[in-house]
Amino acid sequence: MTDDDILQMADSDYMNEVQLAFFKKRLIALESEMVENAKKTTQAFQEQETNYIADPSDRATIEEEYALELRTRDRERKLLQKIRSALELIGSGEYGFCEDTGEPIGLKRLLARPTATLSIEAQERREKMQKHFAED
């Protein structure tokens, strides 16, 4: 099943078993990718021997690369938590519905961001509120 197949389904079929299975498969694939990336990073760090790099600029470059890699993995760790939450929502039958309004999030949004828990309108409201309170 492709993205287009999902989009061509009738609105009345929203979050039917086929769609839930499609998103579950996509989320599991994302989860596997995140876990694999973390394993590769851990393995690469274990294999590196930075103690023997004499040139300070080379050492600084490597340390900066490590810091960038760790920031990337931290973002992926946070995404992994969202993926696992989305999988739980699929299991409970709540996936695809806005946590604020209970309205459908929409297939296009879920295809773009399968971990979305808010409709576009609810997300915009939250962002406006955050911006408003940040200015005070």
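**Figure 1. Overall fold of the protein chain.** The protein chain contains 5 helices and 0 strands, arranged along the sequence as α-α-α-α-α. Its radius of gyration, 20 Å, is well over the 14 Å that the globule rule gives for 136 residues, so the chain is more spread out than a compact globule. Helices (H or I, at least four residues) and strands (E, at least two) are DSSP runs numbered from the N terminus; the radius of gyration is taken over C-alpha atoms, and the globule rule is 2.2 Å times the number of residues to the power 0.38. The C-alpha trace spans about 65 × 45 × 25 Å along its principal axes. Of the 136 residues, 26% count as buried (buried: under 20% relative accessible area; exposed: over 50%; partly exposed: in between; 1.4 Å probe, protein chains only). Among contacts (heavy atoms within 4.5 Å) between residues at least 6 apart in sequence, 54% join residues at least 24 apart.

**Figure 2. Surroundings of glutamine 19.** Glutamine 19 lies in helix 2, which comprises residues 17–47. The residue is buried, with a relative accessible area of 0%. When neighbours within four places in sequence are left aside, glutamine 19 is in contact with Ile6, Met9, Asp13, Tyr14 and Leu107.

**Figure 3. Surroundings of alanine 122.** Alanine 122 belongs to helix 5 (residues 120–135) and counts as buried at 0% relative accessibility. Residues up to four places away in sequence not being counted, alanine 122 touches Cys98 and Asp100. Between alanine 122 and isoleucine 105, which are 17 residues apart in sequence, the C-alpha to C-alpha separation is 9.4 Å.

**Figure 4. Backbone at methionine 15.** Methionine 15 is placed in the loop between helix 1 (3–7) and helix 2. Although methionine 15 is not a glycine, its phi is positive, at about 55 degrees. Most residues other than glycine have a negative phi. Methionine 15 is also buried, with a relative accessible area of 10%.

**Notes to all figures.** Residues are numbered from 1 along each chain as its sequence is written, and side-chain values use heavy atoms, with hydrogens and water left out. Because the model is predicted, local features need pLDDT of at least 70 and side-chain atom pairs count only at pLDDT 80 or more, whereas totals for chains, interfaces and linings use all residues.
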